[in-house]
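Trainee: Could you take me through how to read a few features of a protein model, beginning with charged side chains and how accessible they are?

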Amino acid sequence: MEEQLSMAGSLLAQPLPARLRPQTIDEVVGQQHLLGEGKVLRRIIQQDMVSSMIFWGPPGVGKTTLAHVIANHTRAKFINFSAVTSGIKEIRGVMQEAEENRRFGEKTIVFVDEIHRFNKAQQDAFLPFVEKGSIILIGATTENPSFEVNGALLSRCKVFVLKALEEEALTGLLERALASPKGFGGQQVEIPGEVLRLIANFANGDARAALSTLEMAVLNGQVEDGVTTVTREVVEQCTSRRSLLYDKNGEEHYNLISALHKSMRNSDPDAAVYWLARMLEAGEDPLYVARRVLRFASEDVGLADPRALEIAVAAYQACHFIGMPECTVHLTQAVVYLSVAPKSNALYLAYEAAKRDALTQLSDPVPLHIRNGVTSLMREVGYGAGYQYAHDTEEKLTDMRCLPDSLLGREYYRPTTQGLEGRFQDRLEQIKAWKREREKP
């Protein structure tokens with residue numbers, strides 16, 4: 001009895017996310033594209049047919065949880081490995097132990113959290129053991145494994161992409177936390193559904209953040225007659241955010257991003273920064289805003305100021321690298337720059353016009369002279385015949401036609417005179433005049 005009480009006390013002493021960590025596949029929240037009935041990852045785990053894999057996704061979506069679920073299902077030896085605290089010496093020690101186990105017919109699964117933190121030499125230390133089958137490697141990363149994991153190691157791993165959790169899934173998780181004996185099931189906690197949704201909204205798809213916020217809100221709730229009441233105001237205090245008029249999945253979400261976009265288009269930096277702050281302080285994902293700013297840089301500024309795209313890309317990377325709240329100033333820099341930059345939608349109009357023709361002229365063949373004659377047979381039937389190499393000419397221009405015959409004379413890109421695009425307009429007029437002079441009747 002004393003031992004049971006001790007275990008219960010030890011469990012309750014842990015943070016809420018640790019107490020509620022799923023132990024089975026059915027307890028995992030979200031990721032139905034991988035764990036739904038009949039889905040590949042579910043079958044792999046259930047059949048204990050795990051091979052080397054990497055879980056890639058944002059924080060708090062279940063990467064480490066899935067590793068624990070695999071540990072509970074597998075008959076293999078499971079070793080938890082930290083990329084933060086382990087060096088090559090520790091890696092080799094574990095690998096040698098796994099090699100010994102393999103000789104006795106025992107599989108070893110090595111889970112490496114934050115595998116992107118390993119340098120090339122550390123990652124290379126795993127490679128021969130993965131190749132020989134001494135270990136099954138499972139890595140977890142928030143970074144794109146194409147850039148952060150060695151190509152040789154990555155080619156031997158199946159990459160599973162985990163998605164940020166939907167608000168509905170997070171709300172269900174919070175309700176489970178309130179009802180579960182591992183959570184607050186032993187307490188009387190009153191918290192309105194709209195406040196649970198507010199917590200889920202603030203969490204930005206991160207289950208760990210949602211549970212931590214709930215725990216803090218309950219601990220700071222108003223207690224009266226044994227009942228803990230959690231209000232909107234308590235949650236706002238715990239998150240240091242006001243719940244502004246904003247719903248990331250509702251109409252106001254689109255109203256605010258529209259307000260930001262149109263303020264930048266109208267060259268109003270003050271309004272643009274205000275709408276930016278409204279979104280970010282209400283809990284919007286900065287990467288979502290950064291993506292919209294990236295679109296604006298080419299759709300509304302374009303070649304009137306080619307640097308606009310560079311600054312928007314840099315702002316996106318800054319948001320990715322450091323997140324909130326530090327990245328607010330980078331987004332502000334991009335938004336102000338785009339607001340005061342000269343405007344041109346010529347690129348947007350060019351693509352839309354070309355798209356209309358492309359969708360109605362899908363059967364038009366590529367002219368033979370601009371096809372790539374890579375084989376002798378292709379060259380015999382005329383591929384590349386008559387092709388003119390512009391660099392061989394003094395003007396770096398030729399009168400060769402590149403559009404299909406049915407579209408000759410079409411003009412999609414019509415530059416404006418705004419900003420630097422005026423130079424592109426002058427250059428394009430020179431090119432067209434040169435070609436008209438040499439146009440064959």
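Mentor: Let us begin with one arginine: Arg232 has a relative accessibility of 27%, so it counts as partly exposed, given that this class lies between the buried limit of under 20% and the exposed limit of over 50%. Please keep in mind throughout that this is a predicted model.

Trainee: With which side chain does Arg232 meet in a salt bridge?

Mentor: The general idea is that side chains of opposite charge can pair when their charged atoms come close. In this case the partner of Arg232 is Glu194, with 3.9 Å from N to O, a value that falls within the 4 Å limit used for a salt bridge. The pair links distant parts of the chain, since Glu194 lies in helix 11 and Arg232 in helix 13, 38 residues apart. Glu194 is itself partly exposed, at 42% relative accessibility.

Trainee: How many salt bridges does the structure hold?

Mentor: There are 20 salt bridges in the structure, and one of them joins Glu37 and Arg42, whose closest N and O atoms are 3.1 Å apart. Here Glu37 counts as exposed because its relative accessibility is 67%, whereas Arg42, at 7%, counts as buried. Another is formed by Arg438 and Glu437, at 3.3 Å from N to O; Arg438 is partly exposed at 33%, while Glu437 is exposed at 64%. Salt bridges can also share partners, and in this way Arg265, Arg295, Glu299 and Asp300 are joined into one network.

Trainee: What span should helix 12 have, and which of its residues are buried?

Mentor: One reads the span by counting 1.5 Å a residue, so the 13 residues of helix 12, residues 207-219, should span 18 Å, and the distance of 18 Å between the end C-alpha atoms agrees with this. The buried residues of helix 12 are Ala207, Ala210, Leu211, Thr213, Leu214, Glu215, Ala217 and Val218, and their cover includes helix 10 (167-179), helix 11 (193-202) and helix 13 (232-239), along with strand 6 (188-190) and strand 8 (227-229). At the start of helix 12, a side-chain oxygen of Asp206 comes to within 2.9 Å of the backbone nitrogen of Arg208.

Trainee: Which residues form a nonpolar patch on the surface?

Mentor: That patch consists of Val366, Ile370, Tyr387 and Tyr389, which together have about 380 Å² of accessible area. Val366 sits in the loop between helix 19 (346-360) and helix 20 (376-380), and its relative accessible area of 47% makes it partly exposed.

Key: Residues are numbered from 1 along each chain as its sequence is written. This is a predicted model: local features need pLDDT of at least 70, side-chain atom pairs count only at pLDDT 80 or more; totals for chains, interfaces and linings use all residues. Side-chain values use heavy atoms; hydrogens and water are left out. Patches are made of residues with over 30% relative accessible area and no salt bridge: like charges are joined within 9 Å, nonpolar side chains (Val, Leu, Ile, Met, Phe, Trp, Tyr) within 5 Å. Accessible areas come from the Shrake-Rupley method with a 1.4 Å probe; for residues, only the protein chains shown count as cover. Helices (H or I, at least four residues) and strands (E, at least two) are DSSP runs, numbered from the N terminus. Buried means under 20% relative accessible area, exposed over 50%, partly exposed in between (1.4 Å probe, protein chains only). The expected span of a helix is 1.5 Å times one less than its number of residues. Contact means heavy atoms within 4.5 Å. A polar contact is a pair of N or O atoms within 3.5 Å; within protein, one must be able to donate a hydrogen and the other to accept it, and residues adjacent in sequence count only if both atoms are side-chain atoms.
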